[in-house]
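Hi,

Here is the structure I promised to pass along.

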Amino acid sequence: MDLVQQIIERAKSNKQRIVLPEATEERTLTAADMVLRDDIADIILIGNPQEVNALADKLGLKNIGKATLIDPENCPKSEEYAALLAELRKKKGMTIEQARELVKNPLYLGCMIIKTGDADGQISGALSTTGETLRPALQIIKTSPGITCVSGAMLLITKKPEYGENGVLVVGDVAVTPMPDANQLAQIAVCTAQTAKSVAGFEDPRVAMLSFSTKGSATHEVCDKVIEATRLAKEIDPSLKIDGELQADAALVPSVGAKKAPGSDIAGKANTLVFPCLEVGNIAYKLVQRLGDAEAIGPILQGIARPVNDLSRGCSVDDIYKLVAITACQAMDAK
C-alpha cells in the first residue's frame, strides 16, 4: 500500500468532520462528493444551498446529500458565533456588529464552527489566497500551545527507497516563514516531526537540521542559528530525535553520515528534514520534485491548534481529495 492510500485508510479509520467553505466551487464540490463516496470524512459544506445543489446536479454528483450544508447568510448559530468572535477580538476593538458581518464570511464561519467543537479541520484556497485562509484561523483558532510560528511541510515521495522512510521524506518549512530565527526554527522542527507522525505515519521521526556545515566544518552565523535551534527544539520536546547542524548528504547517506558526524543517531538515517530558511526549503523541494521525479504533496500547514490547510488556486480535484484525508489525519492528533 503506498503512502497516499495509507493516509486515506488512516482517515477512514477515525472519521473527522472537515469544513469546505468554498462549496460553490466546482473542483471543491466534486472532491467533496468523492470523499463522501469513499467514506473518508464527514463533510461540512458552506455555501448558498440553492447554488450548491444546482452545481451538484449540473455535475451529476450523487453523494452531496450526505454532507452537512450550511448557508452563511442564514446559519442558526450565527448570533452565538458572532458573540464569541466579538469576545475573542475585543482587545482588537471588534464590535458585535462587525462580528455579525464577519461570520457571514465562509472562511470565518468555518473557523467558528471548529472553535466551538462542531468540526475538526478546514480546507480552503481554491478561490482564496493564503492570507485569506490563514487570517481567520490565527484570529479564532490560534496556534498550538507553545507554538507561535506557523509553517508548511511537504511530503516527498521519491524513487530512492534507501533514503528516508522507504523513500519518503517530510520536509519543512517550504511555505510560510521566510527567515525564521532560532526559536521559530526550533518550533518548525517540532511541528514537522509531528506532521511526520500524524500524516506520513512515521513511528520514529528522525529530524535533521540542515545547513551547509556539518558539526562545525564551517563557521558562520547562519550555522550558529541552526545549532541553537537544535538545542531549543530539544528543550521544547525532550523526546524528539534530532541532530544538527548537518549537511544534506550527511543527513541522508549512512556512509557520509558516519564519516562527517560519527556517533550521531540521526546522521545517515534522517527521514525528516528542516531547512534553515524558506528560500532554501522551497527551492530544494521543487528541485527534488522536478529533477528527481519525486511526488510532492502539500504544503501541509502546521502549528495551528486545529488543522486549517491551504490549497493552491490552481489545485486539482485530486489535490483537494488528498488534502481532506491529510487534514483528517492531522485532526486526530490535534485532539
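**What turned up**

The accessible surface of the protein comes to about 14,700 Å², and carbon and sulfur atoms hold 50% of that area. Please keep in mind that this is a predicted model, and that every value here is computed from it.

On the overall build: the protein has 13 helices and 11 strands. Its radius of gyration is 21 Å, close to the 20 Å that the globule rule gives for 335 residues, so the protein is as compact as a globular protein of that length. Along the principal axes, the C-alpha atoms fill a box of roughly 65 × 45 × 30 Å.

As for the inside, 53% of the 335 residues count as buried. If you look at contacts with a separation of 6 or more, 73% of them come from residues 24 or more positions apart.

One helix pair may also interest you. Helix H6 covers residues 106–115 and helix H7 covers residues 130–141. Their axes come within 9 Å and cross at roughly 35°, and the crossing is right-handed. By class, the contact of H6 with H7 has 9 nonpolar, 2 polar and 3 charged residues. On the H6 side, the residues that take part are Leu107, Tyr108, Cys111, Met112, Ile114 and Lys115. They meet Glu132, Thr133, Arg135, Pro136, Ala137, Gln139, Ile140 and Ile141 in H7.

Best wishes

Definitions and conventions:
Residues are numbered from 1 along each chain as its sequence is written. This is a predicted model: local features need pLDDT of at least 70, side-chain atom pairs count only at pLDDT 80 or more; totals for chains, interfaces and linings use all residues. Side-chain values use heavy atoms; hydrogens and water are left out. Axes are lines fitted to C-alpha atoms, for helices over the stretch in contact, and angles run from 0 to 180 degrees between N-to-C directions. Helices (H or I, at least four residues) and strands (E, at least two) are DSSP runs, numbered from the N terminus. A crossing is left-handed if the near helix is turned anticlockwise from the far one by less than a right angle, and right-handed if clockwise. Contact means heavy atoms within 4.5 Å. Ala, Val, Leu, Ile, Met, Phe, Trp, Tyr, Cys and Pro count as nonpolar, Asp, Glu, Lys and Arg as charged, and the others, Gly among them, as polar. The radius of gyration is taken over C-alpha atoms; the globule rule is 2.2 Å times the number of residues to the power 0.38. Buried means under 20% relative accessible area, exposed over 50%, partly exposed in between (1.4 Å probe, protein chains only). Accessible areas come from the Shrake-Rupley method with a 1.4 Å probe; for residues, only the protein chains shown count as cover.
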